Structures are given as structure tokens and as C-alpha cells.
Amino acid sequence: LIADLEARLGPSGVRRAQRDQHAWRHAIPCGMPLLTGHSCSYACKYCYIQDWYPFIQPTPSELSGEEVLLSLLYNPHWVPSRDFIILGDVCDPFHPNLESRTMEYIRAVAPLGSPIQFSTKSEINVKLAQQLSQWSLQYHCPINALVTITTIRNVQDVEPTAPPVEARSEE
């Protein structure tokens, strides 16, 4: 798989994959973070990402799905099909600005069969849920969605610009 990806990506794509943090970083206790973007505009009062990024509109990560897959495969600290892949530790992976890149990355890594877990406050519509389910079944890749609701009564105080709780809990 690595040789095939290297041939398809060419020298510049290979260099990008080798230099990316996914090629060398260690997993955290819940899995290997897969960064689909940077920052978040939801500005939740309890969020720790403000230590690294301002609460602004998030921007997608630069690597393509195939480049991030190759980067992960280069990583000696991560074992495909055994170790978890996590999304949502420094951004909401399903923020509207990141949804497309997130789906590209999940599609790229799903064939490895590693369990995938994501946390989000964004709405996961039926079409997205069906696509995730299809990939999970097709690639025997467990996909675990963690839709965060910390409070209902005080949501405006705690999560001032996050999507409404009702949108997160539909269907």
C-alpha cells in the first residue's frame, strides 16, 4: 500500500506526507489524532483548544486524504487495524468548514480497519450518517460518533455559538 501511494502521489506528495506530524507523533491515550482542520468558531467556554488556536472559523488541513493516509502509514508509533484513529481533539471535524475534508480523511483511512472515533457538536445529517455507516460495513471499520451535549438549560452560556442542541440530537 505504501509503495502504491508513493507512486500515485509523486515526490512532492511523499515529501508532504513525510514532513507531516501524522508521520511521527505519538498517540494520546484514546488514539491517534487525525487533524482535519485547525481552530473552531463555536467558542465553548470549557474548551482547551483556545490555548493553541483562537476561536475563529476553522480551516481544513492541507494534506489530501491519500497524503494523510501515507503519513499515518509512515508512523512507527501507530499500528493500522489495531490502534484507534480519533477526530475532534483540536477542531470540530464536522464543522461546516471541515466536513468535506473530514469525510475525505475518513474515506482514506477506513480501509485500514482501524476503529475511528469522532467527537462533534455539529449536526450529522442523514446523508453523512449513511455514508459513514456504509464505510464502516464495507471496510469492517468501527466508527464511533460522540455527539457532545454538555447542558441543555445553560447551552447559550456554555456553548454560545455551537449548533443548537436540538440539531445535534435529531434522528
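Colleague: Where is I152 found?

Modeller: This is a predicted model, to begin with. In it, I152 sits in the loop between β6 (143-147) and α5 (155-158).

Colleague: Is I152 buried or exposed?

Modeller: Exposed, because its relative accessibility is 60% and the cut-off for exposed is over 50%.

Colleague: Which residues form a nonpolar patch on the surface with I152?

Modeller: V147 and I149. Together, V147, I149 and I152 have about 250 Å² of accessible area.

Colleague: Switching to charges. How many salt bridges does a search of the whole structure find?

Modeller: Six. One of them pairs R8 with D4.

Colleague: What is the N to O distance for R8 and D4?

Modeller: It is 2.3 Å between those side chains.

Colleague: And how many residues apart are R8 and D4 in helix α1?

Modeller: Four. Helix α1 covers residues 2-19, and because of that four-residue spacing, R8 and D4 are separated by about one helical turn.

Colleague: What about accessibility for R8 and D4?

Modeller: R8 has 47% relative accessibility, so it counts as partly exposed. D4 is partly exposed too, with a relative accessible area of 41%.

Colleague: Which residue does R16 meet in a salt bridge?

Modeller: E67. Their side chains come to 3.0 Å, N to O.

Colleague: Which parts does the R16 and E67 pair tie together?

Modeller: R16 lies in helix α1, while E67 lies in helix α2 (residues 65-74). The pair therefore ties together parts that are 51 residues apart in sequence.

Colleague: Is E67 buried or exposed?

Modeller: Buried, because its relative accessibility is 8% and the cut-off for buried is under 20%. R16 counts as partly exposed, at 29%.

Colleague: Which residue forms a salt bridge with R82?

Modeller: D83. The closest N and O atoms of R82 and D83 are 2.7 Å apart.

Colleague: How do R82 and D83 count on accessibility?

Modeller: R82 counts as exposed, at 55% relative accessibility. D83 counts as buried, at 16%.

Colleague: Quick recap of the pairs, please.

Modeller: R8 meets D4 at 2.3 Å. R16 meets E67 at 3.0 Å. R82 meets D83 at 2.7 Å. These are among the six salt bridges in the whole structure.

Key
Residues numbered from 1 in each chain as written. Predicted model: local features only at pLDDT ≥ 70, side-chain atom pairs only at ≥ 80, totals over all residues. Heavy atoms only, no water. Patch = residues over 30% accessible without salt bridge, like charges linked within 9 Å, V, L, I, M, F, W, Y side chains within 5 Å. Areas by Shrake-Rupley, 256 points an atom, 1.4 Å probe, with all protein chains shown as cover. Salt bridge = Lys/Arg side-chain N within 4 Å of Asp/Glu carboxyl O. Helix = DSSP H or I, 4+ residues; strand = E, 2+ residues; numbered from the N terminus. Buried < 20%, exposed > 50% of the residue type's maximum accessible area, 1.4 Å probe, protein only.
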